[in-house]
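Open the model in your viewer and keep the selection panel at hand. Each stop below says what to select and what is there.

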Amino acid sequence: MTRIQYTKPSITDLEVEFATDAARNGWGSACYAYIERFEREFAAFLGVPHAIATSSCTGALHLGLAAAGIGAGDEVIVADTNWIASVAPITYLNATPVFVDVLPDTWCIDPAAVEAAITPRTKAIIAVHLYGNLADLNALKVIADRHDLLLIEDAAEAFGSIYHGQRAGSVADFGIFSFHGTKTLTTGEGGLFVTSRPDLYQKVLTLNAHGRDSSQTKQFWSDVIGYKYKMSNLQAAIGCAQLQRADELIAGKRRVFETYSRLLADLPIRMNPEPEGCVNGYWMPTVVVDEGVAFDRDALLDAFKANQIDGRVFFWPVSMLPMFEDKPENKVSYSLYPRAVNLPTYHDLTEEEMQRVAALIRSAIG
Ligand SMILES: *Cc1c(COP(=O)(O)O)cnc(C)c1O
């Protein structure tokens, strides 16, 4: 029996060729060549003017929040159902994350809950496109504009998702991406900040260069305390090759989702939605069992394990973690995680392997 990992990247001769070229030649005057190319090509792919490659998505969010002036006493509204990386940078700046509930169909932030959580201290809303599903950006934009708040898109899981003609990450004040080895497009580790706002672009550039303004002529002169979350040229070389294969990588994710969706069509479950006018990049095919249906998530994960399949739990409400206070009033977030799992997905996952996964899900739903 072959082992089914929950995800792995698709690496071809093209990535190896680009990485080899960077290792041989990408030094001295060429030490930024792949980084600049990756930023230029990624920005063009998204249709935004500015992109800054970083060492992680966490770093990109930290930089963006800092550039927007978020600090002590400020509140940032974010969905309770999330990976900690979308929350931790808020706390790095001594601001407070305010966890709100998600919608039962997209598992993304609920705009009505955002509206209800706004206080005079609120500075920003972080919309995370969970598992490739798109947050309701139109509604969030209306709220952000009305209350003069910054709108941020965490598109780490939404490479390939399109919101009414605009690529995920390109709609809000700024967007962030991750190229961790589990993501649709990978550089091993890595991230990216994108924006259409020249002011935020300049500030993030300065902050990511240890506070040195690009117009500063004095060498080694910092005007402010900054950070250093840079991507290496070697990583960017792999990113350039992956970006050249973007359509193929996204199509691979969509093929896997569509196969599972067909194999599980008759079960009392919900999977990632793709509303009219939108495209879902389907980073993680996810099964949420209907409320009231007998289902033991841990028993399914044990069955996966016994059958050489890597299982993956749906995100816990971040407010459940020991650093925060429980917020069970976020009813949807607290009801989703015990009923849900992510399914393995990678480029060369075969139909037979997906049938093995589907058969176990079928027998776990009673
Ligand atoms: C993976 C991920 C991150 C973190 O990315 P890193 O590159 O590991 O920092 C942030 N947000 C979301 C939604 C993610 O899925």
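## Stop 1: a lysine and its partners

A polar contact of 3.4 Å joins the side chains of Lys183 and Ser178. Polar contact here means a pair of N or O atoms within 3.5 Å; within protein, one must be able to donate a hydrogen and the other to accept it, and residues adjacent in sequence count only if both atoms are side-chain atoms.

Some ground rules before you click on. This is a predicted model: local features need pLDDT of at least 70, side-chain atom pairs count only at pLDDT 80 or more, and totals for chains, interfaces and linings use all residues. Residues are numbered from 1 along each chain as its sequence is written, and side-chain values use heavy atoms, with hydrogens and water left out.

Stay on Lys183. Find it in the loop between β8 and β9. Helices (H or I, at least four residues) and strands (E, at least two) are DSSP runs, numbered from the N terminus. Is Lys183 buried or exposed? Lys183 is buried, because its relative accessible area is 13% and buried means under 20%, with exposed over 50% and partly exposed in between (1.4 Å probe, protein chains only).

Now show the surroundings. Lys183 touches Ala156, Glu157, Ser178 and Trp283, leaving out residues up to four places away in sequence. Contact means heavy atoms within 4.5 Å.

An unreviewed entry places the annotation "active site" on Lys183. UniProt also lists Lys183 for "modified residue: N6-(pyridoxal phosphate)lysine", again from an unreviewed entry. UniProt positions are given in the numbering used here, feature names are shortened, and annotations may be inferred rather than shown by experiment.

## Stop 2: a glycine in that loop

Select Gly190. It also lies in the loop between β8 and β9. Gly190 is buried, with a relative accessible area of 2%. Which residues does Gly190 contact, leaving aside its neighbours within four places in sequence? They are Thr54, Ser55, Ser56, Cys57, Phe177, Ser178, Phe179, His180 and Met231.

Draw a distance from Gly190 to Pro120. The two are 70 residues apart in sequence and 35 Å apart in space, C-alpha to C-alpha.

## Stop 3

Select residues 198-207, which form helix α7. Leu200, Tyr201, Val204, Thr206 and Leu207 are buried there. What do the buried residues of α7 pack against? Their partners are β1 (50-54), α3 (57-67), β5 (150-154), β8 (174-178) and β9 (191-195). An α-helix has 3.6 residues a turn, so residues three or four places apart point the same way.

Step on to His210, in the loop between α7 and α8. Its phi is near 55°, a positive value in a residue other than glycine. His210 counts as partly exposed, at 40% relative accessibility.

## Stop 4

Colour by domain. Domain 1 covers 13-244 and domain 2 covers 246-365; the bounds come from an automatic or database domain assignment. Their centres, taken over C-alpha atoms, are separated by 25 Å. Domain 1 puts 39 residues into the contact and domain 2 puts in 40.

Together they bury about 3100 Å², 62% of it on carbon and sulfur atoms. Buried area is the accessible area (1.4 Å probe) that two parts lose on being put together, summed over both. Select Asp80, Trp107 and Tyr131. They supply 25% of the area that domain 1 buries against domain 2, more than any other three residues.

How many residue pairs are in polar contact between domain 1 and domain 2? The count is 21, both residues at pLDDT 80 or more. On the domain 1 side, β3 (96-100), β6 (162-163) and α8 (233-244) each give two or more residues. β3 gives the most, with four residues.

Zoom in on Trp107, in the loop between β3 and α5 (111-117). Its phi is near 65°, a positive value in a residue other than glycine. Trp107 counts as buried, at 1% relative accessibility.

## Stop 5: the segment before α1

Finish at Ser10, in the segment before α1 (13-25). Its side chain makes a polar contact of 2.6 Å with the side chain of Arg245. Ser10 is buried, with a relative accessible area of 13%. Beyond its neighbours within four places in sequence, Ser10 is in contact with Glu15, Gln242, Arg245, Leu249 and His347.
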